[in-house]
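Welcome! Please take a moment with the sequence and the 3D view before reading on.

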Amino acid sequence: MRYADGPTATAESTIDAPPARVWELVTDIGLPARLSPELRSAAWLDGATAPAVGARFEGHNDHPLVGTWRTHAHVVELVEQRAFAWAVTDPDDRFGGGEPDPDRPLATWRFELSPVPGGGTLLRLCARLGPARSGVSLAIDRAPDHEERIVAVRLAELRTGMAATLDGIRALAEDRPPAP
């Protein structure tokens, strides 16, 4: 798969907790920073204090090959206890994509919640890369003949981080301590 194809990574988990409890956790933008191997912090911008379509938050990330960078995420979908999605932009033009535009994000992330029989919740986390330039673009610039492998490695990294995030959310929703 090539970067221009909008490659995606998905992870899911069945959680023994009602959607209302899971929703409370997935809409806490600070929580993934406690669970993710890459996201270090997140904070609302422009006076926002909770998710709403159009609200923005800033994230700080760290990756061993890319270093540290800042993002601005724009909430693009919010359906109570069903879906929470945000488009990630590069406010510092760290990756050379030009003016940040939530209609052309470097990635789009989405939590989807579905009730399951017995009162639990199926939680799915999806990430779509592109179309704007990102850290993956920098790697492809250095080794264009290896684009498909670079994309595959990044998707595998994302799936690993997503699984860790979902495991932590499941533990918290089920009132268990998250794994270290």
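The model is predicted, so local features need pLDDT of at least 70 and side-chain atom pairs count only at pLDDT 80 or more, while totals for chains, interfaces and linings use all residues. Residues are numbered from 1 along each chain as its sequence is written, and side-chain values use heavy atoms, with hydrogens and water left out.

**Aromatic rings**

- Searching the whole structure turns up five aromatic pairs; rings of Phe, Tyr and Trp (its six-membered ring) pair if their centres lie within 6.5 Å, with planes under 30 degrees apart counted as stacked, over 60 as edge-to-face and the rest as tilted.
- One of these pairs is F84 with W86, a tilted one with 4.9 Å from centre to centre and 45 degrees between the planes.
- F84 is buried at a relative accessible area of 1%, and W86 is buried at 12% (buried means under 20% relative accessible area, exposed over 50%, partly exposed in between, using a 1.4 Å probe and protein chains only).
- W86 also pairs with F111: the ring centres are 5.9 Å apart and the planes meet at 45 degrees, so this pair is tilted.
- Because W86 sits in strand β5 (residues 83-89) and F111 in strand β6 (residues 107-116), the pair ties together parts that are 25 residues apart in sequence. Helices (H or I, at least four residues) and strands (E, at least two) are DSSP runs, numbered from the N terminus.
- One aromatic cluster is formed by W44, F57, F84, W86 and F111.

**The nonpolar core**

- The largest nonpolar core has 43 residues, and V22, V26, F111, L123 and I169 touch the most other members. Such a core is a set of buried Ala, Val, Leu, Ile, Met, Phe, Trp, Tyr and Cys residues joined through side-chain atoms within 4.5 Å.
- Helix α4 (residues 147-173) gives the most to this core, with nine residues.
- What does V26 contact, leaving aside its neighbours within four places in sequence? The partners are F84, F111, L113, L123 and I169, where contact means heavy atoms within 4.5 Å.
- As a general background, nonpolar side chains in soluble globular proteins tend to be buried together.

**Helices α3 and α4**

- Helix α3 (residues 135-142) has G135, V136, S137, A139 and I140 buried.
- Those buried residues of α3 pack against β7 (120-129) and α4.
- A152 has its place in helix α4 and is partly exposed, with a relative accessible area of 42%.
- Between the C-alpha atoms of A152 and D141, eleven residues apart along the chain, the separation is 16 Å.
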